[in-house]
Structures are given as structure tokens and as C-alpha cells.
Amino acid sequence: MFFASDNWAGAHPAIIDAMAREAGGYAAAYGASEVDRRAEAVFSTLFEREVAVFFVGTGTAANSLALAAMARPGGLIFCHAGSHVVEDECGAVEFQSGNRLFHIAGPDGKISPEALEAAFARFTPEFVHAGRPVGVTITQGTEAGTAYSVDEVRRLAEITHAHGLPLHMDGARFANALMRSNASAAEMTWKAGVDLMSFGGTKNGCIEAEAIVVFEPARFPDLPFLRKRAGHLFSKTRFIAAQFEAYLQDGLWRKLASHANDMADRLRTGFHVSAQARIAWTTDTNEVFAILTKGGAERARAAGAVFYDWHPPAGTALGADEIMIRLVTSFATTAEDVAGFLAALG
């Protein structure tokens with residue numbers, strides 16, 4: 001019963017098979033192989049336009065390099081205060097870009113349009129001491145387990161573009177968020193105003209497969225050099241490309257994300273009727289935040305459940321005998337895992 005993170009899950013057999021097929025023989029290095037070209041073409045089909053794709057090995061690399069492509073002297077990259085680039089990437093964005101992250105408020109892990117507009121109003125070209133905005137990044141799905149709607153993405157893009165700046169989407173759990181909407185990948189991204197994104201596969205059945213997808217390639221000409229300088233132009237990129245080719249074939253990525261979301265729904269349903277647990281707030285994706293009795297948490301762990309304790313956000317009311325936890329389901333989570341966890345609570 002592993003609910004610590006979707007990063008803990010292994011790899012889907014189709015991903016393993018795809019890599020095994022590439023293990024023999026020879027292929028051009030540094031992104032020039034036939035499998036690289038095929039995978040790039042699949043991305044263009046998925047997004048319904050010609051895109052540039054830069055394969056990297058980690059989500060941190062994808063985010064920091066994409067945001068480095070926005071960088072300018074004195075630059076500020078606007079992001080939600082609780083976003084992954086703030087909380088969990090060890091200053092990688094600042095390191096790679098030389099710019100700094102400027103935190104924007106908003107409920108449910110989402111940037112508030114009003115807060116974004118107010119942040120832009122704070123900075124003027126004449127006042128160089130404060131720096132200048134160079135772009136905005138949003139997380140889809142968010143670190144709070146919620147998801148932006150297409151309209152919410154579009155509104156933030158309108159505000160960002162009104163200042164002549166790009167909008168980036170951190171899509172480490174893009175598949176999980178997309179499965180909660182009726183939108184296509186194109187409608188959720190560039191058709192809503194996203195200029196470039198980090199497209200994640202690792203959390204949803206791949207091994208180490210992340211990509212920077214650029215919807216207007218000519219706008220970010222430095223990305224090939226940024227990736228090389230950062231050490232993420234792998235000589236055998238075909239092994240990342242092969243993962244993505246299998247991942248995106250026949251909608252596998254959607255099926256895996258839908259399964260993870262369904263398992264999270266089972267947890268949410270179970271918490272609603274449990275005397276030992278309650279939902280901390282409503283979530284949309286495969287992340288569930290719950291408040292458990294300490295006894296219930298101990299019993300679950302004793303039964304083999306693995307999950308993280310979580311720091312309650314400001315304003316969260318906990319009883320003396322309660323803790324907050326986070327549970328993350330994955331493509332590998334089973335209905336038996338969920339039922340076993342709920343039964344173990346007591």
C-alpha cells in the first residue's frame with residue numbers, strides 16, 4: 001500500500017518493452033536518431049501543431065531550463081507561493097536562470113488573476129532596483145492536488161501576454177489534470193495561451209522521461225544551448241524518446257492517469273464515510289490530502305501503508321489527536337491497495 005508518491009511506482013511494461021527494443025544496434029546520438037524524430041512527431045500530433053521538443057531526464061531540469069529561456073537581467077518569474085519550483089527544486093530555477101522567483105498568492109494552489117495583476121502593477125521599467133517581470137509559470141495539476149480549468153489558464157495567459165511576456169506550464173502531472181477536463185492537450189495549453197511547458201511522464205509510468213515542449217520554437221532560440229550547458233543533452237536521448245513514443249501511443253498516458261485518478265476517487269469516497277479520517281480539502285487529481293486520527297494513521301502504517309505526514313496550511317483546524325497526511329495514487333495502485341488502507345484505519 002504505497003501512497004507516498006507516484007514517483008515511487010515502477011514503470012509500465014509498455015515503457016520497458018520500448019526501451020528494450022532500442023537496446024540493440026546503433027543509432028545517431030544527441031537527439032538525432034530516428035526514434036527521436038518519431039517521438040517529436042507524436043508530440044506535434046498530440047498538440048495539433050508543429051512543436052519543438054527537448055528531452056531531459058528530470059522535471060526539475062525541464063522547469064529550470066524552460067524558465068531560464070525567459071531570463072533577462074534583473075528578471076522575476078512569477079509563480080504560486082506553494083508551487084513545486086518554490087518548495088521542492090532546491091533553487092534550480094534561480095541557479096539555471098539567474099533570475100528569482102516572485103511568489104503570487106491564490107487559493108487552492110492556483111495563482112489568483114487579481115494577485116497576478118497586482119504583482120505586475122508593482123513593477124515599472126523606471127524603477128530598476130526591484131527588477132522586472134520576465135514570465136509566469138503555473139503548475140497543472142497543482143501541488144494542492146487541484147487543476148486549472150481551460151478558462152482559468154486562458155485568463156492568466158491574457159494577463160501575462162498583456163505585458164508581452166510568456167506563460168509556462170509545469171506539467172509534471174499534466175495527464176492527471178487533463179483527465180479531469182473535457183479539453184484536449186492543445187486546448188489546455190497553447191490554445192489557452194501557454195507558450196511552453198514541462199511535459200512529465202515519470203510520475204505516470206515512465207522511468208526518467210520529461211520534455212520541454214515549445215509551441216512557438218522561434219521564440220526561445222537559446223533552449224538547445226541551455227540544455228547542453230546544463231548537462232541534459234544526453235548522448236542516448238533515444239531511450240527517453242522511446243519511452244515517450246510508447247507512453248503517447250494509443251492513449252496509454254491517458255489510461256494510466258485515469259486509473260490513478262480513479263484510485264484517488266476511491267480514497268476520497270472512503271474518507272467521507274470513515275470515522276478515522278476526513279478530507280482536508282477537495283482535490284481533482286491523484287493527490288489526496290486527509291486529516292487522520294493519530295491512532296488511525298498508526299494502524300495504517302502497521303498494516304504496511306506508506307504515506308507522508310503533511311504540514312497543515314495556515315488556517316487548518318486539527319484536533320489534538322489528529323494529523324494531516326498526503327496520499328498519492330499511481331498507475332500501479334490497485335483497488336485492493338485502497339481497500340486495504342481504508343480497512344486498516346479502523
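Visitor: Which residues in α11 do Val 35, Asp 36, Arg 38, Ala 39, Val 42, Phe 43 and Leu 46 in α2 meet?

Guide: Keep in mind that this is a predicted model. The contact of α2 with α11 divides into 9 nonpolar, no polar and 4 charged residues. On the α11 side, the partners are Arg 238, Ala 241, Ala 242, Phe 244, Glu 245 and Leu 248.

Visitor: Are α2 and α11 parallel, perpendicular or oblique to each other?

Guide: Helix α2 (residues 34-47) and helix α11 (residues 238-248) have axes 8 Å apart and pack at about 40°. Roughly parallel would need an angle under 35 degrees, and roughly perpendicular 65 to 115. So the pair counts as oblique.

Visitor: What phi does Asp 250 have, and is Asp 250 buried or exposed?

Guide: Asp 250 is in the loop between α11 and α12. Most residues other than glycine have a negative phi. Asp 250 has a positive one, near 55°. Exposed takes over 50%, so at a relative accessible area of 64%, Asp 250 is exposed.

Visitor: How far apart are the end C-alpha atoms of α12?

Guide: Helix α12 takes in residues 252-272, which makes 21 residues. At 1.5 Å a residue, these should span 30 Å. The model agrees, because the end C-alpha atoms of α12 are apart by 31 Å.

Visitor: Which residue does a cis peptide bond join to Gln 140?

Guide: Most peptide bonds are trans. Here omega is about -10°, and the bond is cis.

Terms used:
Residues numbered from 1 in each chain as written. Predicted model: local features only at pLDDT ≥ 70, side-chain atom pairs only at ≥ 80, totals over all residues. Heavy atoms only, no water. Axes fitted to C-alpha atoms, helices over the stretch in contact; angles between N-to-C directions. Helix = DSSP H or I, 4+ residues; strand = E, 2+ residues; numbered from the N terminus. Parallel < 35°, antiparallel > 145°, perpendicular 65-115°, else oblique. Contact = heavy atoms within 4.5 Å. Nonpolar A, V, L, I, M, F, W, Y, C, P; charged D, E, K, R; others polar. Expected span 1.5 Å × (residues − 1). Buried < 20%, exposed > 50% of the residue type's maximum accessible area, 1.4 Å probe, protein only.
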